[in-house]
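Let's walk through this structure together, going from the place where two chains meet to the fold of one of them. Have your viewer ready and follow along.

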Number of protein chains: 2
Amino acid sequence: MKPYVLGIDIGGTNTVFGIVDARGAVIASGSIKTRKHNNVEDYIDELHQEAQKLIEANDATDKVHGIGIGAPNANYFTGNIDECVNLPWPAPIPLAQMVSERFGIPVAITNDANAAAIGEMTYGAARGIKDFIMITLGTGVGSGIVINGQLVYGHDGFAGELGHMIVKRNNGRLCGCGRTGCLEAYCSATGVARTAREFLEVRNEPSLLRNIPVEDITSKDVYDAAIAGDKIAKDIFEFTGKILGESMADMTVFSSPSAFILFGGLAKSGELLLKPLREALDRNMLSLYKGKVKVLLSELKEADAAVLGASALGWEAKPYPATAAPVGVAPAASAAPQV
Amino acid sequence: MKPYVLGIDIGGTNTVFGIVDARGAVIASGSIKTRKHNNVEDYIDELHQEAQKLIEANDATDKVHGIGIGAPNANYFTGNIDECVNLPWPAPIPLAQMVSERFGIPVAITNDANAAAIGEMTYGAARGIKDFIMITLGTGVGSGIVINGQLVYGHDGFAGELGHMIVKRNNGRLCGCGRTGCLEAYCSATGVARTAREFLEVRNEPSLLRNIPVEDITSKDVYDAAIAGDKIAKDIFEFTGKILGESMADMTVFSSPSAFILFGGLAKSGELLLKPLREALDRNMLSLYKGKVKVLLSELKEADAAVLGASALGWEAKPYPATAAPVGVAPAASAAPQV
């Protein structure tokens, strides 16, 4: 088997890519601006040019087994991006086919949270764990669910939208999805900032957060204030951790995972978030599962994680079905190599 | 492959068993009282005697491929019943091993709702559906989740307790599990009866249900009253269907099933339950899934369903690992035969 995969993480602002080996070492990486091109063909041309330079500079020509791509709303089954919420091009985009044809290499795509779960299973905290749920706490709340060693895609490729479980049935916060009361509206970085604004408005105590214009407060500001001992800021983490822990107890009755793995900016808040989370998880857990479910933090470096997660999918990329395999490209094997 | 399986459904009152062929026809069936014996060995002796009579009378000696058992809290992985809530014997019971040794036939066990899901997939409404969630609406609310054609057992064999998702976070009803606000406390047959008592106490309108002593009201009484046009009874079904539909929207974000399959007494309430259920499901569905998820009713006859569900597991029964395969018993194949 060829020794490398190319991982590509397509974000709303930057597209980061890297050459990764079977042990999960990022050999080299680069990036381009996602929004520079008004049409997706030009974007893929630039991506191809820059990635090829990286491949040649690292003596990896003809050594790339497959390409894995993580992108918002990317569908593993169809190879398409079906909705472009944060991307500047009209949907649907047959991304896997386009990239595969441009590079002459098999491509597999999935959404960012699923890519993170696959990365964690291949290279990170979930190595050897067959049943776990990855929760990504970023601007939104994403998830990737692994059951019996396999990522759950659902009948249409869109399973694992746990950020859109309803955690507050009545008078819940408006969510970006158009509904109200979603987990994401409370436990994402933006959810934490919203909680800060609510708490500051309702409560009268002094707080370090009152030194910041209320619309500018970020979850990082709340973290800094909590670390400095600010009571309101600490209560915001209590509130956030409690909701997340309660939700995780509900997720447990579905797939009975042996672990949850948390990833993303908020996960780095450490015990500020984890203590109330674990307490709520334990208090709300059906007795059948009590004491069985670990809460772990991602072991992938944040800078590398998106590319690593995407790259892991490259090991299982198969030549895109709608196109003949380009000459000289061997069909991909079905699993990551044993390292 | 041998042409029959033996399905055994162990309920709190009766144990029903039947000889089933590969097309899901119940060739013959029988039953014994579950609670007649104070020790489980005597119970298994009687079960063996009665089942053997049935097997011999139907010329099925040496033609039974495997035995599948559905029982409360039965664990597919360990072969044990780990908790005996409704059974008269002390737990844990190494049921698969005991039955396998007594019959000299491979045995597989799982809980009743999982057995129902496997039965539906093998013989019923879920034939050809790879991603679905079975909801059993009986005394409690049970569930069996199938993802990519495989039943979800979780890391410990206890996945799929969707009756214990919390649907009312604050001031919820006490559930048999000791927590409050579980789906089961609202959408089971007993939940419907509780709703009736609540509605009759809070509301003043006349109702046919007021003719029944309030503690004696069953979900069947509520159904009969609703069919007779009783407003409160119809509102009880509205209330129940709405909660179930809302919960099913949350279940959808987990595994993106293409169908839910409803089974059990309440499922037979038809549009009284299904209309508000579908409305709530649609109203609460994340847009990604809207219009994609069917709500189906079980296609297994209620009288046969438990035995059929359990029997389907018999096709995948393997000789119990802790014991050598009895002489003359071929190892089981890993899948149901193609019919």
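How many residues of chain A are in contact with residues of chain B? Keep in mind that this is a predicted model. In it, 37 residues of chain A touch 37 residues of chain B. The size of an interface is often given as the accessible area lost when the parts come together. Here the area buried between chain A and chain B is about 3400 Å², and carbon and sulfur atoms give 57% of it. On the side of chain A, the residues that lose the most area to chain B are H155(A), R169(A) and F254(A); together they make up 23% of what that side buries.

Next, the polar side of the interface. Across the boundary of chain A and chain B, the rule finds 24 residue pairs in polar contact, with both residues at pLDDT 80 or more. Which elements of chain A give two or more residues to the side that touches chain B? They are β7, residues 141-147, and α7, residues 231-255. Helix α7(A) supplies the largest share of that side, with seven residues. Sorted by class, the side of chain A facing chain B holds 18 nonpolar, 10 polar and nine charged residues. Charged groups also meet across the interface: the rule finds six salt bridges between chain A and chain B. In one salt bridge, the side chain of D156(A) meets that of K292(B), with N to O at 2.7 Å.

Now turn to the fold of chain A. Strands of a sheet pair through backbone hydrogen bonds, either parallel or antiparallel. Chain A has an open sheet of five strands in the order β3-β2-β1-β4-β5, and its pairing is mixed. Which strands lie at the edges? They are β3(A), residues 26-33, and β5(A), residues 107-110, each pairing on one side only. From one strand to the next, the twist averages 15 degrees.

Stay with β5(A) for a moment. Strand β4(A), residues 64-70, pairs with β5(A) in the parallel sense over four bridges. To find your place there, look for I67(A), which stands opposite V107(A) in β5(A). Helix α2(A), residues 95-103, packs on the sheet and touches β1(A), β4(A) and β5(A); its direction makes about 150 degrees with that of β5(A). Helix α3(A), residues 112-123, lies across β1(A), β2(A), β4(A) and β5(A), and runs at about 115 degrees to β5(A).

Methods: Residues are numbered from 1 along each chain as its sequence is written. Chains are lettered from A and ligands numbered from 1 in the order in which they are written. This is a predicted model: local features need pLDDT of at least 70, side-chain atom pairs count only at pLDDT 80 or more; totals for chains, interfaces and linings use all residues. Side-chain values use heavy atoms; hydrogens and water are left out. Contact means heavy atoms within 4.5 Å. Buried area is the accessible area (1.4 Å probe) that two parts lose on being put together, summed over both. A salt bridge is a side-chain nitrogen of Lys or Arg within 4 Å of a carboxyl oxygen of Asp or Glu. A polar contact is a pair of N or O atoms within 3.5 Å; within protein, one must be able to donate a hydrogen and the other to accept it, and residues adjacent in sequence count only if both atoms are side-chain atoms. Ala, Val, Leu, Ile, Met, Phe, Trp, Tyr, Cys and Pro count as nonpolar, Asp, Glu, Lys and Arg as charged, and the others, Gly among them, as polar. Two strands pair if DSSP finds at least two bridges between them. Axes are lines fitted to C-alpha atoms, for helices over the stretch in contact, and angles run from 0 to 180 degrees between N-to-C directions.
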